[in-house]
Structure formats: C-alpha cells, structure tokens
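Good morning, and thank you for making time for this presentation. I shall go through the two chains in turn and then the contact between them. Please keep the display in view as I speak.

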Amino acid sequence: MSKISMVQALNRAIDEAMAEDEGVILLGEDVAAKQGGGVFKVSAGLTEKYGEDRIRATPISEQAIMGACVGAALTGFRPIAEIMLMNFVTVCMDQIVNHAAKLRFMSGGQTNVPLVVRTTTGVGVGFGGQHSDMLEAWFAHVPGLKIVTPSNAADAQGLMRAAIACNDPVIFIENILCYGLQSEDPGPNHIVPLGKAAVAREGSDCTIITYGRTVLDALEVAGQLAEEGISVEVIDLRTIAPYDEATVLASVRKTGRAVVLHEAVKAYGTGAEIAARINEALFGQLKAPVQRLGGAFSAVPMANALEQAWIPTKDGIKSAVRSTMEWKL
Amino acid sequence: MNRETLLDIYTRTMRCARSDETLRSLIISGKLATLYYTYRGQELVTAAMMAAVNTDDYLVTTYRGQHDQIAKGVPFDLLYAEIAGRATGTCKGKGGSMHITHPATGVMVTTGVVGSGLPIANGLALSSKNRKDGKVTICCFGDGATNIGAFHEALNMAQLYMLPVIFFCQNNRYGEHTAFADHTKVDSIVTRAAAYGMKGIHVDGNDAEAMYAAAAEAVEHARSGKGPVLLEAMCYRMMGHFFGADFSYMPADHVAEMTAEDPLPKLRQLMLDHQFTEAELAEIVAKIDADLEAATEFAFNSPFPGAEELRIDVFEEEIAA
C-alpha cells in the first residue's frame, strides 16, 4: 500500500473540499503560490488550481485574518484561517473567543461560524517559549469551539474534511514534528467524524488517554511494557472537545487504570478535566488513582537538554503506568 | 436631495429618536432594567447612511448601535423583545441589546467589544467580492474604536483586497469617558485613510443633505468596485457612556454648544423648508409612537426563554441534558 505524509494528507483534504465547495477559502500568512504555499507547504499547489481569490496571502495581521474568516463564515463560506504558529492565536483571541465561538448562541441560532482555524506547534524542535505551546485547554474551556488534533496522516486528512464540513468553529492543531510522518494512504474522500476517539492499541491492564504527537510515544511505551507483561490500551482522542467520554469510560471500566498524557503544561491542562471525569464516573471501580503527565510548569525552553526535560518522556510514561499497576488499595 | 429621500431620512431618524425616548422612559419608570447605551445626537448620521443602502446590504455595529439597527430596518417588536430578554426577541433573549443580530435586514453582528467589528466586516465584504453579489458592508463604530489595533489591521486588509466595505466612523467626540482630543492627536479620524491609500470622506453629520451626499458617494465607490471608504461623520453623544451614568466630565459649555447643533430640530426645519407640513410630520411621529407602544406591549407580554436554551445554539447539535 502506498504511503502519504501528514502535509500531503492535509493538502489533499483542503484540495478536495475546495473542489467541492466554492465557499471554501484559505487565508493566512504566506499561504499563496507567490509565497511558496505556506511555511510548511500545506497549501502548495492550491493557488494554481483555485486562484488568489480563494487562497489569500495576508499581511501579518492575525486579528484581520480571523475577523475576515468569521465574517465570511457568517455568509455561508467555509473559511480556513491559517495561523502560522499556535502562540500567535493569542493575538486574535478576541475574534475566536468572543466572536467565532459565541455568535451562534448570541444570535439565537440565526447565524453560525463554519470556520477552521489551522495552526501548528510542538515541543522538541528548539523553537523556544513563543513558538511551541500547546494551548488546547484554553479553547476547550470555551463553549462553542471544537478542538481537533491528529496523530497520524490518515486521521489528519479525515479530520480536516470533517472540520471543514462542520457548521461550527474548529481549532485544528497540527504538530510540527508530525508533518513528515507517513501513514498508509487512506485514499480520496476519507472522512473521520469529529468527536470520535480511536483505540490505537488494545490492552487490558491500563489505559493511556492521549492525543496528537504523544500518541506515538504512548504506542512505543505500550509495545515495550508488553514485554514486561503489562497490557496497555492506548486511546487517541483525535477530537479533544467535544470529548468522547463513552470510548474513554468503556476502556477504563475494562482496565481499571488510567494515565492521561499530553504535551501541554500539566497544571490546569485537559488531563485534569479528563481525570476528574473518570473519577466522577468510575469512583470505586478504579484500581489506582488516575495519573497525569504533561509539560513542566515553565515556558518551553530552547536548549534541547531542557526541552527533553520539559516534555513527558517515555521513561516517565512507563513509570506512570507501572505506578498504577503497583498501587495497593 | 429629492423629497422622497428626505422623507425616508426623516422617518428613519424619528424611528431612532422616538425609540431612544421610549427606552429611556421605560428604564426611568422601572419597567425595564437593562444596560442601555443611548445614541442621542447620532440619529441622523445613521438614518442618512441607511437610506443610501439596501436592506440586504450587510451591517456590523456595536453596543451603541440600536439606532443603526433601527435605521437598517430591524422591526421594533423583535428588537424590544430582545432588549427585554424574551424568547420572542431577535436572538431569543440570548444576545440582548449589545448583540442584536437580524440577518433578514442585513444586521449580521453587533459586538460589545470596541473595534472588533471592523475585521468581521471585511469578511462579509470578502464574501460579497468573491460571490460578486453586489452587496456593500457598512461597519459602524465610534472615534474610540480607532485606536485599537484591529482598526489598523482591518483598514489595511480592506484596501489591500479592495473590499466593498464602508468604515463608518460616527465621531461622537467621546471614547467612553475620554474626550476625542484626550485620546487622539490628529484633528480627524479621516486623515488616517491616507495611511492605507484609502478614500476618506469627512462630513458634518448634523447636516442631512451633506450627510446623505457623503453616504451615497461612499456607497457608490464601494459598490462599483473602487474599494473601501473611511467615512467620518461628525456628531455628538449628548449623554453619558451608558444611560443613567454620570457625565459631569462632559464640560457644560461644550454640551450647550453641541446641543445647538442637535440634528433633530435642524432636520425638522429642513422638512418644513421642503414644504412638508407640521401635520404631516406629526402624523409620521404618531405612527412611530403607535408602533413603539405595540412593540413594548409585545415584548412585555412575551415569555422568557426556558433554561433548555442553554443547551441550544452552543453548537449546531443540541448538548445532551
């Protein structure tokens, strides 16, 4: 079977959606052909097919990008706003939080904002404190937003199609370290529904709940722990919000143990919400307290030695799983 | 200006003026408890602008935008029910006065965040440009909104893309409690148009004929594909930031000077000069007052929204109870 990279998969999903619907447009810094099709080349080749009216390179103006996409969405367009790096969403939070997320509700359902905010980030490439943050918890706290992050190329393609088709705003988080990842090519018109987690590996002793790049770490650790006789189930949430509680609870009900893992800062992260919800639903059935793993409580550092100390390590994930196994009630 | 247009402007102006009186009296009498941003003094500028556009042209406005919505055509009954927080309001009581939305009359967004409407207006105009639907977008804001970054980003992008949008600055001389000269060093907002290579128009907003001519010129420019316009209409906010708020910071002599420029008596005189009779004007106002009375009754007799509404319109799909 042929392979496809995450960049190619995202490009294909956007290409397919643009071919299908004239209302799909892309706005972002450097995204058009003249600028090389985006810093990460996700929109390469699209200007040639769809023209500069639909692939619009913008000034460095995040508020204007997001506002324009919100406004176009209100008339039935399905804009994609590319915010080059996730930290830059802080510049246009007003448009996302006060407008995109709330206009459907505040208008009593008269208007809606079918918008996709594409953005990328990631710890591990030495980009430092203002180019690496995972800020999904900020958005998950806002009613009206959906948050998606793929861990592999096939899901990236399928989730992007679903995000563009969604009639509400979707924050679509890509990870720089995953752009080159190859998956089996899912073929054209592949759609992965929003709000559905995937069981990335089946197991019976402990469930790791994660999303995005750390799914890869979890799968590797699960393989290694299997050699020690520990059977780990890995759940890839794919959509962080709305949260697929049914899939998570079914797994943890089976294993009785859970580790929540993410790259974002651990404190006040989505892991806290997930752990709390597992406890609310399964208190008394758990064989150990839910463990949480996330980034350290500091800015993401530049030096590789510090960066590796900042993110959850595979050894750390193993220790967390073992601690749930060894817990004495 | 022909009599038909003048009559249209007068009717829109008086709908704004009588509604402002009505809402203030409902608040004073204790019948309505709500935060209300009166636009007393700004009725004519928006009436003339809305007389120059079509019902399906888009409008983006702000919390001090009830006059813009009324002049654009939002029906009083739906507006009043929304302000009173009723299920029959434009937004089912979920938006309120600061978030009136009524796509049927082109009112796409009313924002409570100063300056946020400008980037959104660009998006509405961008969709019109791509669709070639011939619509223009009117984006209303005050002088206070011109010092937030979104203003600069939006004007630059609008000109870059040659969008059919009119940035309609109703310069009412105050940004909240701060006078124009205390927040901006240039003499007028319109001088900033040059910084974006944009067409700028500056007009005395209390002069109906000049205001309408400026609005029509801006609309023609935007609609014919010549790009956006920054239109600055000079007017005056004759009361405080919100109704009931202390406005002793507004110098009494300046208030008196600006009151002499009140657009309402000036417009009335213009109507008489154009051979409209006192009786005809009284009849127009009586009809508006009857509509407002009916709208008030409709609002107060309407049910409140139910708690299930908290689960509806968050997303397209209802949130499970």
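Two strands are said to pair if DSSP finds at least two bridges between them. Helices (H or I, at least four residues) and strands (E, at least two) are DSSP runs, numbered from the N terminus. What we have here is a predicted model, in which local features need pLDDT of at least 70 and side-chain atom pairs count only at pLDDT 80 or more, while totals for chains, interfaces and linings use all residues. Residues are numbered from 1 along each chain as its sequence is written, and chains are lettered from A and ligands numbered from 1 in the order in which they are written.

A word on confidence. The model scores ipTM 0.97 and pTM 0.97.

Let me begin with chain A. Its open sheet has seven strands in the order S3-S2-S4-S5-S7-S6-S12, and the pairing is mixed. The edges are held by S3 and strand S12 (239-241) of chain A; each has a single partner strand, so one side of each lacks a neighbour in the sheet. From one strand to the next, the twist averages 20 degrees. Here and later, axes are lines fitted to C-alpha atoms, for helices over the stretch in contact, and angles run from 0 to 180 degrees between N-to-C directions.

Which way do the residues of S3(A) point? Ile55(A) and Ala57(A) point one way from this strand, residues 55-58, and Arg56(A) and Thr58(A) the other way; all are buried. By buried I mean that 20 or more other C-beta atoms lie within 10 Å of the residue's own; exposed means 12 or fewer, partly exposed is in between, and C-beta atoms are placed from the backbone.

Further along the order, strand S4 (residues 78-83) and strand S5 (residues 116-121) of chain A run parallel and are joined by four bridges. Ile83(A) stands opposite Thr119(A) in S5(A). Helix H3 (residues 62-74) of chain A packs on the sheet, where it touches S2, S3 and S4 of chain A, and its direction makes about 165 degrees with that of S4(A). Contact between two residues requires that their C-beta atoms, placed from the backbone, lie within 7 Å.

Two backbone details in chain A deserve a mention. Arg238(A), in the loop between strand S11 (232-236) and S12 of chain A, is not a glycine, yet has a positive phi of about 65 degrees. Arg238(A) is buried, with 28 other C-beta atoms within 10 Å. In the loop between S12 and helix H9 (245-255) of chain A lies Pro242(A), joined to Ala241(A) by a cis peptide bond with omega about -5 degrees.

I turn now to chain B. Six strands form an open sheet with parallel pairing, in the order S2-S1-S3-S4-S8-S7. The edge strands, each pairing on one side only, are S2 (107-111) and S7 (199-204) of chain B. Strand S1 (residues 58-62) of chain B pairs with S2(B) in the parallel sense over four bridges, and Val60(B) stands opposite Val109(B) in S2(B). Helix H5 (residues 117-131) of chain B packs on this sheet and touches S1, S2, strand S3 (137-142) and strand S4 (165-171) of chain B.

Where does helix H10 (residues 263-273) of chain B have its buried residues? They are Pro263(B), Leu267(B) and Met271(B), and they lie on the same side of H10(B) because they cover an arc of only 75 degrees around the axis, taken from the directions from the helix axis to the C-beta atoms. The face turned away from that buried side carries the exposed residues Pro265(B), Gln269(B) and Asp273(B).

Finally, the contact between the chains: 33 residues of chain B are in contact with 34 residues of chain A. On the chain B side, H5(B) gives the most, with nine residues.
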